[in-house]
Amino acid sequence: MADLRVNLLGKTLNGPVIGASGTYGYGVEYADMVDLTKLGGVCSKGLTLNGKPGNEGERLWETPSGLINSIGLQNPGVQHFIQHELPEMQTMGTAIFANLGGGCIEDYEEGTRLLNDTPVDFIELNISCPNVKHGGIAYGVKAESAKEVVSRVKAVCKKPLIVKLSPNAESIPEMAAACVEAGADALSLVNTFQAMAIDLERRQPVFKNVYAGLSGPAIRPIALRMVHQVCKTVKVPVIGLGGIATGRDALEFIMAGATAVQVGTANFADPKACNRITQEMAEWMDKNSVKTLEEIRGCCL
Amino acid sequence: MRALNCDCKVLENIRLNESICLLKAQWTDKDHCPKAGQFYMLRCWKQDEAPLLSRPISVHEWDAETQTISFLYEVRGEGTHKIAALKTGELLNLTGPAGNGWPVEQLLGKKVALVGGGIGTAPLYQLAKELAAKGEKPSYFAGFRDEPYRMEAFAPFCQTTALATDSGRFGHHGLVTELFDPKDFDVICCCGPTPMMKAVTKLALEAGTEVLVSLENKMACGIGACLGCTCHTKNNGAISVCKQGPVLKGEDVYG
């Protein structure tokens, strides 16, 4: 039986599949359907220092093999998360990734300070939310701005720091290199692609913000290319995500160099997706006499 | 209680008219039985097939004795077309029961009106049955565009039933709101198109009558994880329709 455990920045994850931020709630929502202990971890909904009610109007739109969302970082705020959602997450028996986004640099710093003294295992810095004006995308497009926010956060951060990249960055390899230079311990990519839908009958954009974020299998080959590019560029661990829905999809990202993967939109089509994908990975590995992910990781680099 | 995910056997899937179907499925988990007003995410196509998302559909009827759930649904798009094609013995994937459901206990001892519009009548049926089982038959007012459905099914569990249609071919020619005076009731439980629920809420509040509405927001997960179905309420902030709803106070939604 293949060993699917993953070492991420010194911590052993129970598996290579992590529930992606914004699709997995705080993990506990899936507790009766999924064996959470088999997950590599769960990324919290994107947190902002003071919480947000999220966007008005349409929030979801299905496209061929994809989903456009405009949630707008609806979250109760870091303090509320620490007091209410985090204790529940601690019962899951898997690693906890606090996804921290939004606001100005000072808010990122303050959010990080608050999370420092909690049982959170990793901080995933979200500089890539396309749905909020100050949701971080401003930092996620230009490498220079990303460098500034990452270095300021790194200076106060006591947790392993993962920076989540946007595919909307001007240059993904440059962005990745800048974040690592600024102190990122690991990278995760990609967040959603900026996209759009139009309601013909109303002759209006579907979303109030006009543009919103596309996820799902539709983006997977592009996400894979970006993960490959980043793995070629940086030495730190990379967590790959973007439209992964099967074990084979996940293994593609591992062969492109990813240390672990996140699964998001697939959880909506199949709430047991994270367990199923892990199982499918194990089956492929057993069939091909691959004992650990190490053996195949980055074999396409 | 959290939602479960399992494949359930289809016992029957019949067409009531051109666009309305009634599906019965076997629900085997005795510890997670649905309540009136709750819903499930339905799927009978592979996870990598279109449409991407499962379809949220309310519980029309729950028979505890035979452990069967009925879904009354309108065939509208790709997902419901696939559900409508299901045959007896085939499997339907269900995630649920989800949502809060109607507060049946709080309705006891009160004069209750059930007001439904079109396919929005679906989640009112189990409520009528549960109220009637406690010896408190509600009044039922239904509005349809044209041909009504399931009116006769409601009759045994309701004190009165009344019908309005846009076409005038059946029942009262006009709006469902013209069928009753909200002053005659303590609580109105309403489900239907948004303009109807808004109008019913307005009339009920003017009459000083409590009103509960069951919402049908677009949703991805159905279990409170994606925050796609959020309703920005007047008094309770941003709430997830799939988890804290779908049944909410009318004034909180439309007030």
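B:Pro51 sits in the loop between strand 3 and strand 4 of chain B. In this predicted model, the peptide bond that leads from B:Ala50 into B:Pro51 is cis, with omega near -5°. A cis peptide bond is also found in chain A, where it joins A:Leu189 and A:Val190 with omega of about 10°. A:Val190 belongs to the loop between strand 10 (186-189) and strand 11 (193-196) of chain A.

Backbone angles also draw attention to two other loop residues of chain B. B:Gln67, in the loop between strand 5 and strand 6 of chain B, is not a glycine, yet its phi is positive, at about 55°. B:Gln67 counts as partly exposed because 15 C-beta neighbours lie inside 10 Å. B:Arg150 is likewise a residue other than glycine with a positive phi, here near 65°. B:Arg150 is placed in the loop between strand 9 (139-144) and helix 4 (151-154) of chain B, and its 19 C-beta neighbours inside 10 Å make it partly exposed, given that 20 or more would be needed for a buried residue.

A further loop, between helix 1 (78-84) and strand 7 (91-98) of chain B, holds B:Leu86. B:Leu86 has 18 C-beta neighbours inside 10 Å and therefore counts as partly exposed. Leaving aside residues up to four places away in sequence, B:Leu86 touches B:Val10, B:Asn13, B:Leu23, B:Cys44 and B:Leu92. B:Leu86 also lies 9.9 Å from B:Leu11, C-alpha to C-alpha, although 75 residues separate the two in sequence.

The contact between them takes 20 residues from domain 1 of chain B and 20 residues from domain 2 of chain B. On the domain 1 side, the elements giving two or more residues are strand 3 (39-43), strand 4 (55-58), strand 5 (61-63), strand 6 (68-74) and strand 7 of chain B. By class, this side of domain 1 has 12 nonpolar, six polar and two charged residues.

Chain B also meets chain A, in a contact that takes 25 residues from chain B and 31 residues from chain A. Strand 1 (4-15), strand 14 (230-233) and strand 15 (237-240) of chain B are the elements that give two or more residues to the chain B side. The residues on that side of chain B divide into 13 nonpolar, nine polar and three charged.

How values were computed: Residues numbered from 1 in each chain as written. Chains lettered and ligands numbered in written order. Predicted model: local features only at pLDDT ≥ 70, side-chain atom pairs only at ≥ 80, totals over all residues. Helix = DSSP H or I, 4+ residues; strand = E, 2+ residues; numbered from the N terminus. Buried ≥ 20, exposed ≤ 12 C-beta atoms within 10 Å, placed from the backbone. Contact = placed C-beta atoms within 7 Å. Nonpolar A, V, L, I, M, F, W, Y, C, P; charged D, E, K, R; others polar.
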